[in-house]
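Thanks for sending this one over. Here are a few notes to read alongside the model.

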Amino acid sequence: MSDGARSVARSSGSRVTSTQAPGLNPDAVMSAAVEAAGSDDFGPADFVEGLTVLCASVAEQAKLNDIGRFALEQNIVGGLANRLRIHDWLNRNPAIRDEPISAPLVVIGLFRAGTTFLSQLLDQDPANRALLRWEAADSVPPPSPENYRRGPRVDAANEAIEMLESLNPQMRIVHHEDAEGPTECITLLGQDFKSLTWEAMTNVPDYSRWLLGADYTSAYAYHRRVLQVLQSGGRRGRWTLESPNHAIALPALAAEYPDAKLVLLHRDPTVLCASACSLISTLTGTFSDADHTAYIAEHWTDLLAESIDRSEDFRHAHPEREIVDVQYADLVSDPIGTVEKIYAACGQELDEQGRAAVTASVAANPKGRFGTHGYRLEDYGLQAGEISDRFAHYIKRYDVPSETSRA
């Protein structure tokens with residue numbers, strides 16, 4: 001373990017261990033990760049503060065059930081172990097630090113506005129290189145072109161997904177990802193413990209408040225290191241990345257990737273809020289038997305407002321940085337045309353091979369193939385009129401069409 005990480009973990013852990021469930025404190029999970037990875041160099045110690053706040057918030061607020069305690073501990077230890085393996089691989093292969101990450105195309109949000117669908121479409125183009133779910137959590141050794149989407153690690157990741165969805169089949173309907181398909185960047189940001197991934201698993205108000213004030217610089221530096229490691233295996237291309245988490249951390253993202261092409265999706269806030277509440281209720285409800293409905297409704301509505309405000313602030317502060325705006329309605333009605341629009345705005349062209357692949361994917365994956373995701377604002381104590389009023393400026397600014405009848 002690096003001296004900085006060891007000393008910070010020891011001092012931080014001593015402050016919070018007394019209030020935490022056995023095994024879920026910084027020292028314990030870091031020690032478990034060292035044992036799992038066979039390495040003790042976590043790299044820079046910036047991650048320890050977030051880990052410490054998360055552990056304390058989980059112990060005091062998440063009200064996890066047995067499944068939740070096990071799953072969260074496994075995810076924390078697994079994320080730390082991957083971080084250890086990344087730094088060990090970099091230490092043994094220092095030339096990887098010179099790998100260029102050039103002009104990535106980054107879908108920055110908004111959450112529940114079709115970002116997953118868009119990332120799946122972009123992944124179809126052979127010229128692109130997506131971050132895949134399995135490799136985000138199990139990055140070393142980096143995949144080769146031959147085992148990029150198949151092999152024992154992919155199979156193991158799919159088995160884990162199937163097990164989780166068997167515990168709560170609704171999860172497959174609300175938000176399904178294949179291990180060999182694209183995933184959000186929150187997994188990598190989570191390995192620096194500055195990520196919404198932990199809020200998707202648990203309801204942790206103290207960690208959430210800390211996260212909104214956190215400096216994401218170290219998280220995006222780590223993010224780049226992982227991408228460098230992954231592409232060093234030989235599977236290259238234009239990186240296409242996605243996460244609504246980016247919307248609340250745009251200055252750090254832009255500083256790390258100054259040539260990134262940014263895409264922002266827009267959708268009726270009444271639907272975004274209802275869908276987000278349904279998603280989080282489903283995910284966290286697997287891991288806690290407590291009623292977190294009121295917190296989920298307030299927090300995720302506030303987070304949507306924060307995401308919009310921070311995106312607007314970034315635009316005003318950086319008028320030289322173009323953000324490509326995309327309406328969810330256009331993405332759904334004309335997915336091929338929407339991809340072409342994005343490419344054109346980024347100075348690229350969707351060639352015939354890419355077009356054929358995207359077209360085939362749209363045909364093979366109709367919306368609702370795993371079932372219909374139903375949600376209502378009223379189930380969370382929210383009212384469409386109040387949401388529309390709160391986000392009236394945003395709706396007018398981007399001419400967002402109403403979908404109130406579906407919320």
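**Notes on side-chain packing**

1. Let me begin with a charge over a ring: Arg 267 sits over the face of Tyr 328, 3.7 Å from the ring centre. Please keep in mind that this is a predicted model. Arg 83 is likewise placed over the face of Tyr 222, at 5.0 Å from the ring centre.

2. Next, the nonpolar packing. The largest nonpolar core counts 113 residues, and those with the most contacts inside it are Leu 51, Ile 76, Leu 80, Leu 118, Tyr 216 and Leu 262. Leaving aside residues up to four places away in sequence, Leu 51 touches Pro 26, Val 29, Met 30, Ile 76, Leu 80 and Phe 193. There is also a second, separate core of 7 residues, with Ala 130, Trp 134, Tyr 148 and Ala 179 among them.

3. On to the aromatic rings, where the structure holds 7 pairs. One of them joins Phe 42 and Phe 47 in a tilted arrangement, 5.4 Å centre to centre with 35° between the planes. Phe 42 counts as buried because its relative accessibility is 0%, and Phe 47 is buried as well, with a relative accessible area of 0%.

4. Phe 47 also pairs with Phe 193: the ring centres are 6.4 Å apart and the planes meet at 35°, so this pair is tilted. The pair links distant parts of the chain, 146 residues apart, with Phe 47 in helix 3 (residues 47-62) and Phe 193 in the loop between helix 9 (186-190) and helix 10 (197-201). Both Phe 47 and Phe 193 are buried.

5. Finally, do look at the cluster that ring pairs build from Phe 42, Phe 47, Phe 193 and Trp 198.

Notes:
Residues are numbered from 1 along each chain as its sequence is written. This is a predicted model: local features need pLDDT of at least 70, side-chain atom pairs count only at pLDDT 80 or more; totals for chains, interfaces and linings use all residues. Side-chain values use heavy atoms; hydrogens and water are left out. A nonpolar core is a set of buried Ala, Val, Leu, Ile, Met, Phe, Trp, Tyr and Cys residues joined through side-chain atoms within 4.5 Å. Buried means under 20% relative accessible area, exposed over 50%, partly exposed in between (1.4 Å probe, protein chains only). Contact means heavy atoms within 4.5 Å. Rings of Phe, Tyr and Trp (its six-membered ring) pair if their centres lie within 6.5 Å; planes under 30 degrees apart count as stacked, over 60 as edge-to-face and the rest as tilted. Helices (H or I, at least four residues) and strands (E, at least two) are DSSP runs, numbered from the N terminus. A charge sits over a ring if NZ of Lys or CZ of Arg is within 6 Å of the ring centre and within 35 degrees of the ring normal.
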